[in-house]
Amino acid sequence: TWHLKKIPQIVRERTFSLDSPKFEAKAKLELNSVCGIECQRKLPVPSLSDLKNLLSYETVFENGTRTLTEVNVLGAALDPAGNTTTRRPLRKKRQIYGTDSRFSIYDKRFMTNFPFNTAVKISTGCSGILVSPKHVLTAAHCLHNGKDYVKGSKRLRVGLMKTKSRGNGRKRKGTSDGMPSFQWTRVKSTHIPKGWFKGVSGDIALDYDYAVLELKRPHKRKYMELGISPTIKMMPGSMIHFSGFDNDRSGQLVYRFCSISDESNDLFYQYCDAEPGSTGSGIYLRLKEPNKKKWKRKIIAVYSGHQWVDINGEQQDYNVAVRITPLKYAQICFWIHGNDENCTQG
């Protein structure tokens, strides 16, 4: 069951204009030498002033202007347990080894219907998920490398799936029906938490690898709601699901599901089969709504991608996702609605 949680409040304090970014960073779909499982276990619990700094955010507008918004955080429960992780037996399987467990979605009845129609393509080479009629959730590193915005993010576009019509509705011999094409929409503004920037954390912090894009024109599709990420124990079979546009299957929507191997307060570690291009996909679960018999899918994490990490002097790899904690729920919800009134219950 989805458990309701009281959500902290993110309150806008001041907004400043900043210099326009250079937009010269190279987009990297794989990150190296970031804080891994062992490192996460040693991280101190952030103080309230740390949180205010980490959850302040930059907004970049389509004309290239940029602002910084400082926030206050009200009602945050600071967890004295720190970044504890739950150890589970790890299956040493990276990106795709052995049997490929991904599914390409070809049937347009699935492709253009919920939940698959919520997956979108980002023009910098990543994926994302629709979270409102005007907003897309994706990974921050698809747009910013920790120091500067990536090339192409100044004229950022989001591709919504549509199935190709093959002229007069007739299918030609030897053609595959239902391959998706994209209806591209310009992005009006982009929000990235300050915790992602290298100047704040000393290095890029995976905990803050998420961003929200506001579209120039609203769409009329069904989108997926946000949920607070439960612990592994509270998930059916500890299984997660996500769909994206993997680079090795050009033009195809790729769906996968797998179990989570390990977790910290802010991250999930898993070995879902995935390739670059699926980075930024929304990871979701299906749980029952409280006091109802209906099941509901909600986004509980953002897929950050395949990571190489230094653990005890050795390079190891895993797939990682950023959990939607109550604080991150409050921030993303605030970006979507522009106030915290609609964000009190997660």
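Ser304 is buried, with a relative accessible area of 0%; buried means under 20% relative accessible area, exposed over 50% and partly exposed in between, using a 1.4 Å probe and protein chains only. The model is predicted, and local features need pLDDT of at least 70, side-chain atom pairs count only at pLDDT 80 or more, and totals for chains, interfaces and linings use all residues. Residues are numbered from 1 along each chain as its sequence is written, and side-chain values use heavy atoms, with hydrogens and water left out.

- Ser304 lies in strand β17; helices (H or I, at least four residues) and strands (E, at least two) are DSSP runs, numbered from the N terminus.
- The side chain of Ser304 makes a polar contact with the side chain of Asp209, at 2.5 Å.
- A polar contact is a pair of N or O atoms within 3.5 Å; within protein, one must be able to donate a hydrogen and the other to accept it, and residues adjacent in sequence count only if both atoms are side-chain atoms.
- Apart from neighbours within four places in sequence, Ser304 is in contact (heavy atoms within 4.5 Å) with His141, Leu206, Asp209, Thr279, Val320, Ala321 and Val322.

**The chain as a whole**

- The chain has five helices and 18 strands.
- Of the 346 residues in the chain, 53% are buried.
- Among contacts between residues at least 6 apart in sequence, 74% join residues at least 24 apart.
- The chain exposes about 16,100 Å², of which carbon and sulfur atoms supply 49%; accessible areas come from the Shrake-Rupley method with a 1.4 Å probe, and for residues only the protein chains shown count as cover.

**Other buried residues in strands**

- Thr138 is in strand β8, residues 135-138, and counts as buried at 0% relative accessibility.
- The side chain of Thr138 reaches the backbone oxygen of Ser127 at 2.8 Å.
- Not counting residues up to four places away in sequence, Thr138 touches several residues, including Cys126, Ser127, Asp209, Tyr210 and Val302.
- Gly282 is found in strand β16, residues 282-288, and is buried, with a relative accessible area of 3%.
- Gly282 and Ile129 are 153 residues apart in sequence, yet their C-alpha atoms are 5.4 Å apart in space.
- Leaving aside neighbours within four places in sequence, Gly282 is in contact with Ile129, His241, Phe242, Ile299 and Ala301.
- Ser243 lies in strand β13, residues 239-244, and counts as buried at 7% relative accessibility.
- The C-alpha atoms of Ser243 and Ser278 are separated by 7.3 Å, and these residues are 35 apart along the chain.
- Beyond residues up to four places away in sequence, Ser243 touches, among others, Phe116, Ala119, Arg256 and Tyr284.

**A buried loop residue**

- Phe23 is found in the loop between β1 (9-18) and β2 (31-34).
- Phe23 is buried, with a relative accessible area of 10%.
- Phi of Phe23 is near 55°, a positive value in a residue other than glycine.

**Cavities and a pocket**

- On a 1 Å grid over the protein atoms alone, a cavity is a set of points where a 1.4 Å probe fits but cannot get out, and a pocket is an open set with protein on both sides within 12 Å along at least five of seven lines; lining residues have an atom within 4 Å of a point.
- Grid points are joined across faces, edges and corners, and a volume is the space filled by probe spheres set on the points.
- The whole structure holds four cavities of 30 Å³ or more, and the largest cavity has a volume of about 90 Å³.
- The largest cavity is lined by 13 residues, of which Val60, Ser153, Lys154, Leu156 and Thr190 lie nearest its centre.
- Strands β3 (57-61) and β10 (180-193) each give two or more residues to the lining of the largest cavity, and β10 provides the largest share, four residues.
- The second largest pocket contains about 340 Å³ of space.
- The second largest pocket is lined by 17 residues, with Glu225, Leu226, Tyr329, Asn342 and Gln345 nearest its centre.
- To the lining of the second largest pocket, α5 gives the most, four residues.
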